[in-house]
Amino acid sequence: MSDYLWDKTGEADPEVERLEGLLGSLAHKAGRLELPPEVAAPARAGRPRLAWYAAAAALLLAALAGALVALRPAKLHEARVPAPQSSPAAVPSVAPSVTPEAPVVKEREEAPAVVEVVRHAPTRRRAPHARAKREGLSRRRAAPPEVLGTPGVLGTPEGLEVARVEEVEEVPRPARAVAAALGRGFSVRRQLFNALLLTSTKLKEVQRKTQGADAPASDERNRSR
Amino acid sequence: MLEVETTSQLFFAEAGREAPQADPSAALAEAARAGDREAFARLYGLYAPLVHGVLLARVPYGEVGDLVQDVFLVAFRKLGTLRDCSRFGPWVAMIARNRAMDFHRRARATEELHEEIEQAARPSAEAAEALEIIRALPEAYRETLVLRLVEGMTGPEIAERTGLQPASVRVNLHRGMKLLREKLGTGGVRV
């Protein structure tokens, strides 16, 4: 069906034709668009999500770098410490992973003497010489194991592990040598677990700092000192 | 009670819709978005009547010419925000409608200037009177009627350029024309 008003086909409507003739004088006159030369070319709209991706990538990289830095001293200590004089058999194979961070060695009075190596959470770091001094003192002090083994005293419960080493006379004097000796038996799986633990700790610290609440983190650090 | 047919009401009632054809303006919009000024000039040639009609249905005739230039200037600057290049027509029509609303918001401050411009570019009395009657119609009708009777576009062209459903445009054209005939008959205007 033809419809002149719709598509200008078929029989013309006289009234529509009259209106077209009358109002056609108001139609747009063809001309060129005058774009000022200073008008810059249109720019594509940016993607705001890219900023989030970049921030997440930066956070991940920072966490990885923190984990690497935290793991590096372990290898340095291992390289520096001389080989232990004790036989490898003296070190039990079931000993858990030990990082050189602040192992505290103390003797038990019962025979044979047992050394408890108490490890802290890997986030806490101390200067090697100060730590050795403190470890020596703690060994001489021979504090009761219950005190050092209490989780609330030295740190978080998950950061404490105890390993028993027999034959205390053969253990090298610096306690880090013991840690290095124990560290040889570490499995890669354990190290990976520690790295993941470190990463999560660092991430939490970064999150706290970004939220402007870094005071609890510094308090915790002071408490551990 | 005047019944205005909206696009949403007719969206599902459209049975005989034509198959969509390849739109050459999409390629032009894509090129213009990449910075091709010549492509944008061709887009202007294609869509200037649409923008002119949309503005003419809302603002005085003497203002329309400058506002058309403004609308295309804004469109060129914001072309990067256009996601679908095949929707350039509806997009630029929306810019024109927004520009007309801005014009009315600022109209109070420049009222005297408008009068001077209108005197300089005044259409014939009969045409101006007919245009005023059309502009008194509901919005859905007046824009379609201006595009059809003033700019000379057909119904399918109006649907394609504005992005409306052809059935909606057809209904609006017929109902608007019926109302216009009544107004012209009762108002005593003989055109």
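**Reading burial, contacts and an interface**

Author: A:Ala63 is found in helix α3 of chain A, which covers residues 48–80, and since this is a predicted model, what follows describes that model.

Reader: How should I decide whether A:Ala63 counts as buried, partly exposed or exposed?

Author: The general idea is to count the C-beta atoms around a residue, where 20 or more within 10 Å make it buried and 12 or fewer make it exposed. A:Ala63 has 19 C-beta neighbours inside 10 Å, and therefore counts as partly exposed.

Reader: Which residues does A:Ala63 touch, leaving aside those up to four places away in sequence?

Author: With those set aside, A:Ala63 touches A:Thr199, A:Lys202 and A:Leu203. A related reading comes from comparing sequence with space: A:Ala63 and A:Leu198 are 135 residues apart in sequence, while their C-alpha atoms are 8.4 Å apart.

Reader: For chain A as a whole, what share of the contacts with a separation of 6 or more comes from residues 24 or more positions apart?

Author: Such pairs account for 73% of the contacts in chain A with a separation of 6 or more. As for burial, 19% of the 225 residues of chain A count as buried.

Reader: How many helices and strands does chain A have, and in what pattern do they follow along the sequence?

Author: Chain A has nine helices and three strands, and, read along the sequence, these follow the pattern α-α-α-β-β-α-α-α-β-α-α-α.

Reader: How many residues of each chain take part in the contact between chain A and chain B?

Author: To read an interface, one may begin with the residues on each side and then turn to the elements and classes. Here 25 residues of chain A are in contact with 38 residues of chain B. On the chain A side, the elements that give two or more residues are α1 (4–7) and α2 (14–23), and α2(A) provides the largest share, six residues. By class, this side of chain A has 14 nonpolar, three polar and eight charged residues.

Key. Residues numbered from 1 in each chain as written. Chains lettered and ligands numbered in written order. Predicted model: local features only at pLDDT ≥ 70, side-chain atom pairs only at ≥ 80, totals over all residues. Contact = placed C-beta atoms within 7 Å. Helix = DSSP H or I, 4+ residues; strand = E, 2+ residues; numbered from the N terminus. Nonpolar A, V, L, I, M, F, W, Y, C, P; charged D, E, K, R; others polar.
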